[in-house]
Amino acid sequence: MKTVVLVTGASKGIGAANVDRWIRDGAFVIALSRIKKTLELSVKKYPKGKVFPIVCDVSSPASVEESCRIIKTKFKRVDVIINNAGTGYFEPIEKTSLEHWQTTINTILTGTFLMTKAMLPLLKKSKKAHIFNICSTASKKGFINCGSYAAAKFGQLGFTEVLREELRPMRIKVTAIIPGAVNTPFWEKQASGFDLSKMLHAGNVADAIAYAYTQSNNNLVEEIVLKPACGDL
Ligand code: NAP
């Protein structure tokens, strides 16, 4: 029986690397992303029967609800969800607009909540259910110019820790993935000055998730922190 994996923010970066990795490992992937054209382009390379793309804005309750309605008509269970969709604006708090603040919180924090809650009935039908939330080193440490991003990522990690305890009795595993800087399109819109060549690769994050999922039932990998070998950039 194929593992059924749902990935949000599947069209680029860490999400796309996960789609790739799970398909290579023989899973069936439900790939969700906001922009239709980008999503279609990203899944085009896979043969039919490997991936099911759905346009979904995780920050919108109506969009998440509609996606879940479609998923429930096609799938009896989902084994893995990877809450990965995210965005961020690197700017001082003094210059952060309410719009940037809300977009960041709604995508990362509310999106993780909405998708998790909507998919729980299908996860409960799996014999090996696992939720991965892609948090960040900015979930644990305040970096300058990361006000809205840190608020969303600290919140997402707190949510993840509560979720883990609530789902433990149901044998649904919950893992926080906590990467440092990863070389993805995320950095294209940031004037960070970071050296992208020193960053982690998106595939490193996919490898960490595959590692945690393949542990035996008695072993729950609660969190994985990944950093570029050179340290913080
Ligand atoms: P990315 O390359 O910018 O990709 C982001 C993905 O999220 C895209 O597929 C994008 O799709 C999707 N997305 C954005 N807003 C969305 C929404 N409202 N609804 C649905 N999909 C949405 O970013 P990334 O670097 O791979 O980041 C993925 C996750 O890892 C994020 O949660 C990020 O915070 C976290 N992370 C990244 C780094 C890093 O250094 N890159 C480090 C630690 C943690 P569209 O283009 O269609 O909007």
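Start with helices α4 and α5, which are roughly parallel to each other (angles under 35 degrees count as roughly parallel, over 145 as roughly antiparallel, 65 to 115 as roughly perpendicular, and the rest as oblique). A quick word on the source. This is a predicted model, so local features need pLDDT of at least 70 and side-chain atom pairs count only at pLDDT 80 or more, while totals for chains, interfaces and linings use all residues. Residues are numbered from 1 along each chain as its sequence is written, and side-chain values use heavy atoms, without hydrogens or water.

Back to the pair. Helix α4 covers residues 98–123, and helix α5 covers 147–167. Helices here are DSSP runs of H or I, at least four residues, and strands are runs of E, at least two, numbered from the N terminus. The two axes lie 7 Å apart, at an angle of about 15°. Axes are lines fitted to C-alpha atoms, for helices over the stretch in contact, and angles run from 0 to 180 degrees between N-to-C directions.

Who touches whom? Contact means heavy atoms within 4.5 Å. From α4, the residues include Trp 101, Ile 105, Ile 108 and Phe 113. From α5, they include Tyr 149, Lys 153, Phe 159 and Leu 163. By class, this contact has twelve nonpolar, eight polar and one charged residues. Ala, Val, Leu, Ile, Met, Phe, Trp, Tyr, Cys and Pro count as nonpolar, Asp, Glu, Lys and Arg as charged, and the others, Gly among them, as polar.

Next, helix α3, residues 61–74. Its axis comes within 10 Å of the α4 axis, and the two cross at roughly 20°. So α3 and α4 are also roughly parallel to each other. Pro 61, Val 64, Cys 68, Ile 71 and Lys 72 are the α3 side of the contact. On α4, look for Leu 114 and Met 115, among others. The contact divides into ten nonpolar, no polar and one charged residues.

Now the cysteines. How many disulfides are found in the whole structure? Zero, with a disulfide taken as a pair of cysteine sulfur atoms within 2.5 Å.

Last stop, Thr 214. This residue sits in the loop between α6 and β9. Thr 214 is exposed, at 61%.

Note on methods. Buried < 20%, exposed > 50% of the residue type's maximum accessible area, 1.4 Å probe, protein only.
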